[in-house]
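Please keep the sequence and the structure in view while reading.

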Amino acid sequence: MPHADPDASLRANVRLLGELLGKTLKAQVGEVLYEKIESIRQLSKEVCNGDAECALQLNQILQALPPKEMLIVARAFGHFLNLANIAENVHRIKRSRWHKLNQHSAPQDGSIEATMQLLNEKSVSSQQVYEAVLNLKIDLVLTAHPTEVMRRTLMQKYDRIAKYLSHDEHQMTPQESENLQQSLYREVTSIWLTDEIRRKRPTPIDEAKWGFAVIESNIWPVLPSFLKELSDQLEKTTGKILPLKACPIRFSSWMGGDRDGNPNVTSQVTQKVCLLARWVAADLYYREVNELSAVLSMNTCSQEMRMQVGETNEPYRALLRPLKEKLLETRRWIEDKLNNRISPVIKPMESNDEILEPLLLCYRSLQDCNAESIAQGELTDLIRRAACFGITLTQLDIRQEAAKHTELLDEITRFIGVGSYSNWSEIERISFLEQQLINKRPLIPKDIPLTKTSTEVWNTFLMISKQLPASFGAYVISMASQPSDVLAVCLLQQEAGIKNLLRIVPLFETLTDLTHAKDCFNGMLACQWYKSHIQGHQEIMIGYSDSGKDAGILAAGWAQYTAQEQLVDVAKKHHVNLTLFHGRGGSVGRGGAPAHMAILSQPPGSVQGRLRVTEQGEVIRNKYSLPDRARRTLELYTTATLEAQLMPSPEPKQEWRHMMQLLADKSYDAYARIVKKDKDFVSFFRYVTPEREIGSLAIGSRPARRNDIAGIEGLRAIPWVFAWTQNRLLLPAWLGVGEALPPSVENLPLQTVREMTKGWPFFRSLLSMIEMVLTKADPSIFKYYQTRLVPPELHSVGELLIKKYDETKEVIQLALQIEHLLEANPILLRTLLLRSPYLYPLHVLQAELLRRVRAKSESHKQDEDKDALMVTISGIAAGMQNTG
């Protein structure tokens with residue numbers, strides 16, 4: 001029986017949700033206002049088709065709306081965009097299922113089956129495949145997002161809508177179909193009647209709880225089925241299954257551990273997040289063991305188990321009973337700790353073996369009793385979860401800025417009378433640190449007086465020493481630039497009494513730091529104490545955000561690529577296994593790209609089955625909002641990492657490398673000429689984007705600025721990108737590219753660029769992402785912002801930027817040999833065009849609201865204007881996606 005085309009289902013779902021939203025609007029705001037919203041939508045469609053008269057008419061209508069109606073109109077269009085996102089997420093799930101159900105369809109690109117077939121076609125031996133899968137170490141690091149604008153309450157309602165839409169309509173009775181539509185209508189109405197605006201900033205603990213909820217709801221349920229499919233496909237390809245405790249993918253978190261520039265993340269907050277993670281893990285395991293006990297009712301068992309449980313009629317339940325009690329005790333102990341109570345529980349669970357050992361004994365017993373089919377059900381699922389999540393659910397990374405450690409050490413050295421650490425040269429710092437690392441006497445007096453900032457830094461180290469070692473992953477040093485930055489953290493951990501030192505990960509994020517990363521790495525390994533300490537493994541983080549803001553997309557992309565190559569070379573020279581940790585964001589300006597494409601575009605040899613990558617707030621919403629989407633995400637990371645290791649792309653030609661360096665240099669000069677050297681640029685940026693207003697909104701626990709430096713230097717990369725997304729210029733993702741690429745087909749270097757596009761995954765990926773961003777950008781909308789918000793004397797800056805955009809679009813089309821942007825990706829183009837009529841009114845409203853809020857007009861209520869402004873920011877973020 002042929003299966004329905006999922007594209008038709010997408011169109012039907014978008015139409016259905018639009019109709020239900022219209023029905024809700026009629027009921028809630030009345031027929032007259034509903035008709036006004038509908039006429040705005042129809043006019044907006046004409047505007048997007050190029051009708052200039054309709055644009056003038058629509059702009060006047062929107063500008064004249066009273067505040068209350070402005071808020072309602074903004075909410076209507078924002079909700080439609082969120083509903084469209086839900087329909088598309090469900091569509092992706094149905095498309096994956098369609099590939100599996102349709103016998104005449106090839107396996108979906110990026111699927112485990114397709115990858116195993118590809119590896120076989122490329123003559124990769126079955127033993128190579130098996131060993132590569134066994135040695136996979138993929139770590140997905142969940143991070144909070146300073147521009148995540150959606151309330152968790154609404155996320156939950158949207159998720160329920162997605163689950164309703166996931167039902168197969170072809171398998172429903174008429175009554176079931178009617179019930180489903182009524183349920184959807186109830187949810188849409190509930191969404192409309194819910195305040196979508198955050199009235200207070202989320203705390204770091206709120207953000208951590210949200211991360212736990214994503215794991216519990218969507219990742220925990222699908223991990224076993226994903227690993228089962230991987231095992232089944234591995235067996236078909238190699239004849240061997242995935243070992244029971246193998247865990248190719250793990251999860252870490254920065255939520256509650258990332259204190260870089262966020263004074264709200266304190267040592268007490270981090271301790272609480274560690275305890276909460278353990279509580280969630282214990283609670284999940286308790287529920288799972290409870291259900292497993294119900295399944296394992298059989299009375300026959302192995303001799304090994306009988307010796308442990310004695311003569312009992314239900315040996316498996318008898319074995320699991322103490323485990324359940326231990327999990328309950330652990331929960332109770334954590335609750336007491338969180339509430340500062342003395343706990344009657346003497347010892348909570350502290351080792352993952354306490355969960356795994358009884359489960360593995362059950363497994364062996366069932367095998368001995370010829371009940372392997374039972375062993376491979378819920379029991380295997382729980383063993384695989386325990387191997388992945390451990391007793392801490394995730395491992396929490398600590399991130400702190402290098403300068404904070406320098407300040408602390410300076411206060412220490414001054415107090416003990418050996419001089420000023422801050423004023424010492426790098427050689428003097430390393431000499432001091434090496435001496436102290438082998439000195440058994442304590443360096444830091446207990447009564448040392450420290451500043452407030454340094455006290456908090458030191459308290460963090462002391463707190464780590466008192467927590468379960470399994471709670472922590474890496475200690476990431478942001479703005480790292482020299483070996484002493486790493487050795488300083490080694491010493492501070494040692495002085496704090498941390499028994500299992502956290503692995504230290506320097507983060508190279510500015511253009512200068514990326515350029516000199518190899519020198520820093522060499523310096524680290526030149527220290528014999530440190531080289532011995534790391535035991536042949538080092539992790540280094542590549543920052544995509546700050547380098548992009550610092551240098552522009554082309555220069556930053558090349559700096560990131562060459563830094564990785566050089567770091568790999570240093571690691572090989574010193575016989576060290578290197579794991580690269582990619583600090584990518586959701587937006588192209590911050591290294592964002594589809595996971596599969598991003599991994600395959602890395603330098604050859606840089607992905608040796610080991611990969612860490614950040615998954616940020618809005619990306620988490622997109623990739624993990626539904627269990628089946630989460631499963632597909634795990635699949636794509638796994639298959640791309642396998643392909644990158646077993647089928648690495650060829651080394652780029654020397655001619656290409658030379659050309660890329662020229663492009664990077666020209667691009668950086670063009671970018672810096674405007675962003676760093678144009679005296680009017682910063683003022684223009686602050687007028688033409690909602691940057692100032694974003695900083696005052698309750699949309700993240702972290703401040704928008706790292707420090708008090710004026711201009712873009714002090715602004716974090718995420719709000720920098722987010723602000724340019726709101727006005728549709730998306731400048732960080734393309735500025736400088738137009739000047740760098742050769743402009744004409746007669747120019748010989750253009751042929752080289754085209755060869756690079758065809759033969760070099762890194763370059764092809766880079767240009768493809770720029771192409772996508774140029775399609776999302778809309779200079780006419782940006783010009784409207786300029787007209788409404790920017791003083792005339794600064795308009796020349798905007799005109800220059802529009803000219804640069806047009807030049808960039810032209811050279812990208814020449815390089816990719818296309819007549820129209822995204823002509824090779826009609827599905828994505830259709831998605832963007834679908835959103836346009838709903839985005840346009842939000843942009844016009846936002847520009848008008850920014851004028852009103854900034855003018856502090858007495859004729860309008862400020863609260864209503866600010867609420868409407870927040871709704872437009874949220875709606876545009878939903879429509880644009882990958883915003884920060």
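Does Gly736 count as buried or exposed, and what is its relative accessibility? Gly736 counts as buried because its relative accessibility is 1%; buried means under 20% relative accessible area, exposed means over 50%, and partly exposed lies in between, as found with a 1.4 Å probe on protein chains only.

Gly736 is located in the loop between helix 31 (717–726) and helix 32 (737–740). Helices (H or I, at least four residues) and strands (E, at least two) are DSSP runs, numbered from the N terminus. When residues up to four places away in sequence are not counted, Gly736 touches Ser667, Ala670 and Tyr671, where contact means heavy atoms within 4.5 Å. Between the C-alpha atoms of Gly736 and Ser297, which are 439 residues apart along the chain, the separation is 67 Å.

## Basis of the model

The model is predicted: local features need pLDDT of at least 70, side-chain atom pairs count only at pLDDT 80 or more, and totals for chains, interfaces and linings use all residues. Residues are numbered from 1 along each chain as its sequence is written, and side-chain values use heavy atoms, with hydrogens and water left out.

## The second largest pocket

The second largest pocket has a volume of about 970 Å³. A pocket is defined on a 1 Å grid over the protein atoms alone, as an open set of points where a 1.4 Å probe fits, with protein on both sides within 12 Å along at least five of seven lines. Grid points are joined across faces, edges and corners, and the volume is the space filled by probe spheres set on the points.

The lining of this pocket consists of 42 residues, and Asp139, Arg250, Gln395, Arg503 and Glu539 are those nearest its centre; a lining residue has an atom within 4 Å of a point. Among the elements that give two or more residues to the lining are strand 1 (137–143), strand 2 (249–253), helix 15 (372–389) and helix 22 (528–534). Helix 15 gives the most, with 4 residues. By class, the lining has 21 nonpolar, 12 polar and 9 charged residues. In this scheme Ala, Val, Leu, Ile, Met, Phe, Trp, Tyr, Cys and Pro count as nonpolar, Asp, Glu, Lys and Arg as charged, and the others, Gly among them, as polar.

Leu393 lies in the loop between helix 15 and strand 3, and Leu393 is buried, with a relative accessible area of 1%. Leu393 has a positive phi of about 70° although it is not a glycine. Most residues other than glycine have a negative phi.

Thr394 is also placed in the loop between helix 15 and strand 3 (395–401). Thr394 counts as buried because its relative accessibility is 7%. Apart from neighbours within four places in sequence, Thr394 is in contact with Ile215, Phe251, Ser252, Ser253, Phe389 and Ser471.

## An exposed residue: Ser123

Ser123 is found in the loop between helix 5 (112–121) and helix 6 (126–134). Ser123 is not a glycine, yet its phi is positive, at about 65°. With a relative accessible area of 64%, Ser123 is exposed.

## Helix 17

Helix 17 (residues 426–438) has 13 residues, which at 1.5 Å a residue should span 18 Å; its end C-alpha atoms are 19 Å apart, which agrees. The expected span is 1.5 Å times one less than the number of residues. The buried residues of helix 17 are Arg429, Ile430, Phe432, Leu433, Gln436 and Leu437. Seen down the helix axis, these buried residues fall within an arc of 165°, so they line one face of helix 17; the arc is that of the directions from the helix axis to the C-beta atoms. The face turned away from the buried side carries the exposed residues Ile427 and Ile438.

The buried residues of helix 17 pack against helix 16 (402–416), helix 19 (483–495) and helix 22. Ile430 is buried, with a relative accessible area of 18%. Leaving aside neighbours within four places in sequence, Ile430 is in contact with Pro483, Ser484 and Leu487.
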